[in-house]
Amino acid sequence: MNSKIEAILARKGKAPVAELTAYDYPTARLVDEAGVDMILVGDSLGMVMLGYPDTTHVTLAHMLHHVEAVARAAKNAVVVADMPINTYNTPEQALETARALMAVGADAVKLEGGVAVEAQIRAITQAGIPVQGHIGLLPQKVKEEGGYRMHGKTDEEAAAIMRDMEAVVRAGAFSVVIECTRHSVAKAITEACPIITIGIGAGRGTCDGEVAVYHDLVGAYPWFTPSFARPKASIATDITRAVKEYIAEVQQPK
Ligand code: KIV
């Protein structure tokens, strides 16, 4: 395991970890220089960068293009690259995909699922590639599950998420994202889990860190903001104002 990943793992129970998505060079450079711990090149880029309705349209070619740009910018943060849907259906395919993402500059890869992808995670970690798991709500399964909803509401669901966490840990991941999961369940998982848990829509202070989608944080995608997002800026408003000023200037009668 490399020293950047060891430094993240050493934060367990001590100092919360801040992870943020970025998909291009200038954004990645800004968030890296601001001091974020991990940059996730998430397949959320399918929506916020490419205009698809969900992440199931994202391909490995899309990911390679964006990871390469982010890796050029990130000097300190750990760059985590999402593995898109249907690129880790078998352990062999998972390893091939992970190697391709590492070859363009990722420090680690992320894939969705627990028990169902334990063999895939193990194949990647055994090859020395750091893995961040992803449990709770799995955006790549949004079509099967009929939409985005809170997970872990029943005892059965909570136990299944706990089993997923155990599978991710057994397979050698260094971290796991817990998405849209009942807050008490996320807290229980974090307490039981020896690796770094990263929450999104899983409550404040329930995990070892949090991840946010950059566009939600800075108000860059005004057409949809998840209910759990905590925007700190509204750059879409600034962009619209600047563009309107420019249009008015250019179109002023001579
Ligand atoms: O793709 C992404 O941005 C993600 C986060 C929501 C965790 O997976």
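The lining of the largest pocket comprises 19 nonpolar, 8 polar and 7 charged residues (nonpolar: Ala, Val, Leu, Ile, Met, Phe, Trp, Tyr, Cys and Pro; charged: Asp, Glu, Lys and Arg; polar: the others, Gly among them). The model is predicted: local features need pLDDT of at least 70, side-chain atom pairs count only at pLDDT 80 or more, and totals for chains, interfaces and linings use all residues. Residues are numbered from 1 along each chain as its sequence is written, and side-chain values use heavy atoms, with hydrogens and water left out.

A pocket is an open set of points on a 1 Å grid over the protein atoms alone, where a 1.4 Å probe fits, with protein on both sides within 12 Å along at least five of seven lines; lining residues have an atom within 4 Å of a point. The largest pocket holds about 700 Å³ of space. Its lining has 34 residues, with Met-47, Tyr-148, Glu-179, Pro-226 and Phe-228 closest to the centre. Helix H3 (45-48), strand S6 (175-179) and strand S8 (209-212) each supply at least two lining residues.

The ligand sits in this largest pocket. Its shell has 5 nonpolar, 4 polar and 4 charged residues. Of the 13 residues around the ligand, Gly-42, Asp-43, Ser-44, Asp-82 and Lys-110 come nearest. Ligand oxygen atoms lie 3.2 Å from a side-chain N or O atom of Asp-82, 3.1 Å from a polar side-chain atom of Asp-43 and 2.9 Å from one of Lys-110. Alone, the ligand exposes 260 Å², of which the protein buries 95% (Shrake-Rupley method, 1.4 Å probe).

Technical notes. Near = heavy atom within 4 Å. Polar contact = N/O pair within 3.5 Å; in protein donor to acceptor, adjacent residues only side chain to side chain. Sits in = over half its atoms within 2 Å of the grid points. Points joined across faces, edges and corners; volume = space filled by probe spheres on them. Helix = DSSP H or I, 4+ residues; strand = E, 2+ residues; numbered from the N terminus.
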